[in-house]
Structure formats: structure tokens, C-alpha cells
Amino acid sequence: MAPQSSVLQWLCSLLLFAGAASALKFDLYAHSGGESSRRERCIRNFVNSNTLVVVTSTVDGYKGDGMVVNIHIRDAVGNEYGRPRDVVGESRVVFTSHADAAFDVCFENLQSGGRRPNPGFRHVELDVDIGADAKDWAAIQATEKLKPVEAELRRLEEMTAEVVAEMDYLRTREQKLRDTNESTNTRVKWFGIGTTWLLIGLWAWQIFYLRAYFRSKHLI
């Protein structure tokens, strides 16, 4: 039992390290606004449809310091999931994805008021949890009265299922791309064959035409 417990603890530590490493920290500099000078800092992730996503952002500073940080969460197919305005401190957006697509979490820092802020940036910490990582396992453990090991095993089971689903999705995409490539190759081949026969026919027609022309002129 001890080796199994050690392995489980090692897996839990690895997952916790991976979750911590997924957090991003960066400085978001302020600008005056306008389309010509608009600058957004966007972080992109891919998500499958009907997947739970939790976007947690922590922005330092305070309201009235001459900067306004806005967040815009949208995917590549036009769905919008949130537009928090004037974010200070911790902000959390929870949504379920509508399509298999990449989604962007975009930050914009606008100058407000007449004076230039000093320093002219806000520090941002972003954490994006997707799927099993986005669930509140402490609440699930308390609600279903699970032991810590049972809750962690269930979390690992859901994460494994997500990996299997992702592999199935990638395999389906690869099959579609392969079918498209084979169809394209077949069309190109027949187009090349048709073009070759057309050129041969045109060459033969030119020969017969020129021979008939020269005969009509009594040149041959």
C-alpha cells in the first residue's frame, strides 16, 4: 500500500506543479486609447465544445490611479464569454465553451484622467483552468463526502478522460486532413492527365490544320 500511496502523492504533486506553472504574470502598460493606438495583450488557449473554463485574473493597483484595465474573452468563431470593465484585484469569469475553437483572453489598459500615471503599467496574473482543473474539487469532496484520495482519483479519472477525448479529436482531425489531401492529390492527378491530353489534341490539330493550309496554298 505504501508504494501506491507514494506514487499517488507524486502524481498529485506533479499535477499541482503543472497547475501552478500554467499561471502567467506580465506587466500591462497603459495607452491613451483610440483605434490607431489600441494595444491589447491576448492569451490564447484551445478548448473543446461544452467544456467548463474558469479564467481568473488578478490586477494590482486601485481605481482612480489613472488607469482602467478591461478584459475581453472571445473565441475564434465569434462567441463572447465576458467583458469585465475597470478590473482591480481578483476577477473570475466562468463559462462553458460553445464550439471547438481557440479562445482569447485579452487585456487592455487605458489611461484615464488628465495626468499620466506613474508607473504607467498594471501587473497582471492570469490563470486559466479548463475541464477537470476548472472544477471546485473541495466542494465536490464535501458534497459527496469523498475521501481526499477518492477525490484525487476521480480528478485523475476525469483528466484521463479529457486526454482520451482530445486524442480522439486529433485522430478525427488527422483523418479528415488525410482524406482532404488524398482527394486533392486525386484531383490534381486527373487535372494533369486531362491537361496533357488536351495539349496533345491541340498539337495534333495544329499539325493537321497547318498541313491542310499548306496544301491549299500548294506549298506541299
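Modeller: Helices here are DSSP runs of H or I with at least four residues, numbered from the N terminus. Helix α3 covers residues 148-216, and tyrosine 213 is found in this helix. Keep in mind that this is a predicted model. Tyrosine 213 has a relative accessible area of 39% and is therefore partly exposed, since that class lies between the limits of 20% and 50%. Tyr213 also belongs to a nonpolar patch on the surface, together with Leu199, Leu202, Trp205, Tyr209, Leu210, Phe214 and Leu219. The accessible area of the patch residues together is about 840 Å².

Leaving aside residues up to four places away in sequence, serine 57 touches Ile71, Gly89, Glu90, Ser91, Phe107, Glu125 and Leu126. The C-alpha atom of serine 57 is separated by 8.7 Å from that of valine 93, which is 36 residues apart along the chain.

Two loop residues complete the picture. Asparagine 50 lies in the loop between β2 (41-47) and β3; its phi is near 55°, a positive value in a residue other than glycine. Asparagine 50 is exposed, at 64% relative accessible area. Aspartate 86, in the loop between β5 (80-82) and β6 (89-96), likewise has a positive phi without being glycine, near 50°. Its relative accessibility of 26% makes aspartate 86 partly exposed.

Terms used. Residues numbered from 1 in each chain as written. Predicted model: local features only at pLDDT ≥ 70, side-chain atom pairs only at ≥ 80, totals over all residues. Heavy atoms only, no water. Patch = residues over 30% accessible without salt bridge, like charges linked within 9 Å, V, L, I, M, F, W, Y side chains within 5 Å. Areas by Shrake-Rupley, 256 points an atom, 1.4 Å probe, with all protein chains shown as cover. Salt bridge = Lys/Arg side-chain N within 4 Å of Asp/Glu carboxyl O. Buried < 20%, exposed > 50% of the residue type's maximum accessible area, 1.4 Å probe, protein only. Contact = heavy atoms within 4.5 Å.
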